[in-house]
Amino acid sequence: MARALRRWIIEQSLASNVGHIGSALGIVEIMTALWAGVMKDPGTGEPGRDRFVLGKGHAALALYGALRFRGLLDADAFHTYCGDGSALGVHPEHALPGVDVSTGSLGQALSIGCGLALGLRKKGVGARIYALLSDAELNEGQVWEAAMFAAHHRLSNLTVVVDLNGLQALGRTRDVVALPSPAAIWKAFGWDARDVDGHDVEALVGALAPPEVPDRPRALVARTVLGKGVPFMEDRLEWHYRNLTPELAREALRHLDPEP
Amino acid sequence: MRTALIDSLMEVAAEDERVFLLTADLGWGVVERFAERYPDRFLNVGVAEANMAGVATGLAMTGYVPFIYSIASFASMRCYEQIRNGPVLHGLPVRVVGVGGGYAYGHAGPTHFALEDLVIARAQPAMTVLVPADPPQVRTLVRATMGLPGPAYIRVGKGGNPSLPSLHGRFAFGRPEVVREGRDALILACGSVVHEALIAADRLEKEGRSSTAVAVLAHLTFAPTAALIDLLARYACVVTLEEGYTAGGLGSLAAEAIAQGGLRCRLRTCGVTRAFGPVSGSEAYMRAAAGLDAASVARTTEALVAGRA
């Protein structure tokens, strides 16, 4: 799935002439571990399905790729990305089947995840909620309101994955608002937190398996590289926003494994 | 009115298991009864309105009808974007309850005034904006909201709001309720300040200065309804009265109705027209100082009828 996603992200970003490529490439393994690994019936209409909330909504192209890979979105629909009247915008819209929560405004996803986790638990539904947040999103105070809430209410059916790529729109996160030792901070808030390699699918799946700590929400701080897989994009700030040219897309695809 | 709100919630909660009450650590002496009766459907989220709006969104996605409770200034503004991107965008039945609209927290100072809550709520076409005038209308209205699939903002008074005998708790979406008949002018009002409109109309009648009707509009629609246009069409003079900023609120809605209906009636809007208005004081003092009390409304109405304004 990761190989397919990377190619699709490059091809579709060029076709639609839209940026946020580096953000989408950087979460490919996390999406694979979730959507082809641990999540139960993701993106379906099953009441007991696990729910996914993309806090970093600007990486929605990776989510559309996951829906396509799972057969929940056909290739033609995928190709409408950012077209006029398409349900596939830069940020995900719940009007698109398979997307439970519309996101795009940073900081708001985890609170909705808390409400989903609490409501499903109260109704005796054994589904799990996965929220993928960006490291810059942790600048938003609402994330910490939700972090306190989830720990207090022992929402053990809630998992946060932080995409720790160290870059935000205008610079390195450590230079903008530094947050040293994010895993220790989530722990201090009462979460079961650990670091994980965000590009190692096996390690991610292991860390995402249902928690052994039964009364705590879980946070995985996934160390990632923006633009992973394309050397000229990796860890380069400009690939947060930049668009591809046909030449650059060809070069990017040369670095990627062929589609399986 | 907030006590009537909790009473109403307890009534509907008894019949409807979807009802869920969340507060951002406010409602001391008011919300406890609900919490004791329905502990599984009550949550104090702490002083965190933004998170409360998000949690309510998630709960609504799982089938609940969450009422989120705070002082009107906080309920409407602190989490406005979360409400817009949550219940409004997703079309979910979250009820935002703003307690103590206008100058009900007048002593608390400007941070606690809610003067723009109705205006910003009305800016969302998918939001049902409700401003009950008295405790019995709160009950009818809360019950009526249970059939709404989308979100609503409900502004209620704090306490000590008198019941209006001629209203009898009547409420229907989009429909003004006439609570006093009159020939020369109509005062169209919303919220607890309707009380002042009735006193003003009685005074004008008693002193033989004008025969003034009063109507309550508890649902501030995004666009004027036919029922509102029909009502305004019956009067040559209309005065609106609201405890909040006039731009975008009830006064604006009446102006839109007059313009869209091609009506000939003349309009004056009584509401707050300068930033925050008076500094602080009781609701009665604040209303008088801002020109929203019965005496001010009577003066405005009389001048309009006499062609002096």
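Helix H7 of chain B (residues 135-145) has these buried residues: Pro135(B), Gln137(B), Val138(B), Arg139(B), Leu141(B), Val142(B) and Thr145(B). Buried here means that 20 or more other C-beta atoms, placed from the backbone, lie within 10 Å of the residue's own. This is a predicted model, in which local features need pLDDT of at least 70 and side-chain atom pairs count only at pLDDT 80 or more, while totals for chains, interfaces and linings use all residues. Residues are numbered from 1 along each chain as its sequence is written, and chains are lettered from A in the order in which they are written.

**Around H7 of chain B**
- The buried residues of H7(B) pack against helix H1 (2-15), strand S4 (95-99), strand S5 (128-130) and strand S6 (152-156) of chain B.
- Contact means that the C-beta atoms of two residues, placed from the backbone, lie within 7 Å.
- Helices (H or I, at least four residues) and strands (E, at least two) are DSSP runs, numbered from the N terminus.

**A helix pair in chain B**
- Helix H3 (residues 49-61) and helix H5 (residues 80-90) of chain B have axes that come within 9 Å and cross at roughly 15°.
- That makes H3(B) roughly parallel to H5(B), a label for angles under 35 degrees.
- The axes are lines fitted to C-alpha atoms, for helices over the stretch in contact, and angles run from 0 to 180 degrees between N-to-C directions.
- On the H3(B) side, Ala50(B), Ala53(B), Gly54(B), Thr57(B) and Ala60(B) meet Gln82(B), Ile83(B), Gly86(B), Pro87(B) and His90(B) in H5(B).
- By class, this contact of H3(B) with H5(B) has 5 nonpolar, 5 polar and no charged residues.
- Ala, Val, Leu, Ile, Met, Phe, Trp, Tyr, Cys and Pro count as nonpolar, Asp, Glu, Lys and Arg as charged, and the others, Gly among them, as polar.

**Chain B as a whole**
- Chain B has 12 helices and 12 strands.
- Its C-alpha atoms fill a box of roughly 60 × 40 × 35 Å, taken along the principal axes.
- Of the 309 residues of chain B, 58% count as buried.
- Among contacts in chain B with a separation of 6 or more, 77% come from residues 24 or more positions apart.

**Where chains A and B touch**
- Chain A brings 19 residues to the contact and chain B brings 21 residues.
- On the side of chain A that touches chain B, helix H6 (109-122) and helix H7 (141-152) of chain A are the elements that give two or more residues.
- H6(A) gives the most to that side, with 10 residues.
- By class, the side of chain A that touches chain B has 7 nonpolar, 9 polar and 3 charged residues.

Conventions. Parallel < 35°, antiparallel > 145°, perpendicular 65-115°, else oblique. Buried ≥ 20, exposed ≤ 12 C-beta atoms within 10 Å, placed from the backbone.
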